Amino acid sequence: MDVVSDAVAVIRTGRPHAARTRRTAPWGLRFPAAPGTGFHVVLQGRCWLLSAGRDPVPLSAGDVVLVPHGHEIALADSPGSELVDVAPDMDDSWVPAPDTAGPLTVLMCGSYQLDRIGAHPLLAELPAFIHLPRRVGRRTALNAVVDLLGDELDQRRPGTDAAIPALLDAMLLYILRTWYRDHAPRGAGGWAAALDDPAVGSALQHMHAEPATAWTVELLSRRAGMSRAAFSKRFAELVGRPPMAYLTWWRMTTAGRILRGGDDAPLRAVAERVGYTSEFAFNRAFKREFGVTPGAYRRRATPRHLIKA
């Protein structure tokens, strides 16, 4: 997979969920802080995004908001409207909409369950919230996914229960892709610059696609068409750690995902899949990263009824 897809895959857990609601003014909904990542889409009408310490942000139909770190936010028809708390799951918890004749707003809101232990730094550097306005007159992949989700939530048909989680996963990836492509600040360092840089971006793709390969700084720099010293310096400046340090971290993160996913392959096989021919060296590197051995990590992550006697 590519770097952005991998960044999401390593922390995804459980199933994402979404709910749709219709609001007529006046209305206000407060979404308390939560451990997951929230999202909000305006399907029809207009509203305001409210966040402590920030100016209110106007939202229009088709706008998407992602709350990467689960911070508290609110949505309302007006910045001064009274707010009502919304329960975290949102499945059956929407407060009754007031019976008024005010302007109508239709929202799709939900969350992704994410395990932030070992989260990829690409996600850690995201801002408190991401606002992606709909591009009027331009049909984008994100617009298409939003329309499909709205349609599935509005008219439940055979296959909807399978379609919604898949579309929600796709929407998260399109949000991140759009953010890093069009909105992320590009300074002297950071992941937006790293993904844009031909040499560093290529090296990251190689590491993610083939973690078991015996990569060296020399080999990666040669693939990038740079000297070893220049490549190492640029990689560290943009990614925040040297190439081999990042490679080790990514290998351990990949091993953790394998073990957490219920794969019952022998630890020796897991070690080989992430580039270690020595199980002892793999165990030592894994414990240095996670604080426990691979076997203990697997037992802790596996439901009790699935552990073999």
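Helices (H or I, at least four residues) and strands (E, at least two) are DSSP runs here, numbered from the N terminus. By that count the protein has 12 helices and 10 strands. This is a predicted model, in which local features need pLDDT of at least 70 and side-chain atom pairs count only at pLDDT 80 or more, while totals for chains, interfaces and linings use all residues. Residues are numbered from 1 along each chain as its sequence is written, and side-chain values use heavy atoms, with hydrogens and water left out.

**Overall picture**
- Of the 309 residues in the protein, 46% are buried, where buried means under 20% relative accessible area, exposed means over 50% and partly exposed is in between (1.4 Å probe, protein chains only).
- Take the contacts (heavy atoms within 4.5 Å) between residues at least 6 apart in sequence: 74% of them join residues at least 24 apart.

- P26 sits in the loop between β1 (17–24) and β2.
- The peptide bond joining A25 and P26 is cis, with omega at about 5 degrees.
- For background, most residues other than glycine have a negative phi, and most peptide bonds are trans.
- β2 belongs to an open sheet of 5 strands, in the order β5-β4-β7-β2-β8 with mixed pairing; two strands pair if DSSP finds at least two bridges between them.
- β5 (57–60) and β8 (84–85) are the edge strands, each with a single partner, so one side of each has no neighbour in the sheet.
- Strand β2 (residues 28–31) runs parallel to β8, and the two share 2 bridges.
- On the β8 side, V84 is the bridge partner of L29.

**Aromatic pairs**
- There are 11 aromatic pairs in the structure. Rings of Phe, Tyr and Trp (its six-membered ring) pair if their centres lie within 6.5 Å; planes under 30 degrees apart are stacked, over 60 edge-to-face, and the rest tilted.
- One of the pairs is F39 with Y112, which is tilted, at 5.3 Å centre to centre and 50 degrees between the planes.
- F39 is in strand β3 (residues 37–44) and Y112 in strand β9 (residues 104–112), so this pair ties together parts 73 residues apart in sequence.
- F39 and Y112 are both buried.
- F235 and Y246 have ring centres 6.1 Å apart and planes at 65 degrees, so that pair is edge-to-face.
- F235 comes from helix α8 (residues 228–239) and Y246 from helix α9 (residues 243–260), 11 residues apart.
- F235 counts as buried, at 0% relative accessibility, and Y246 is also at 0%.

**Helix α11**
- Helix α11 (residues 279–290) has 12 residues and spans 16 Å from first C-alpha to last, close to the 16 Å expected at 1.5 Å a residue; the expected span is 1.5 Å times one less than the number of residues.
- At its start, a side-chain oxygen of S278 comes within 3.4 Å of the backbone nitrogen of F280.
- F282, A285, F286 and F290 are the buried residues of α11. Seen down the axis, they fall within an arc of 115 degrees, so they line one face of the helix; the arc is that of the directions from the helix axis to the C-beta atoms.
- Those buried residues pack against α9, α10 (267–273) and α12 (294–301).
- On the face turned away from the buried side, F280 and R288 are exposed.
- After α11 comes G291, with a positive phi near 85 degrees.

Key. A polar contact is a pair of N or O atoms within 3.5 Å; within protein, one must be able to donate a hydrogen and the other to accept it, and residues adjacent in sequence count only if both atoms are side-chain atoms.
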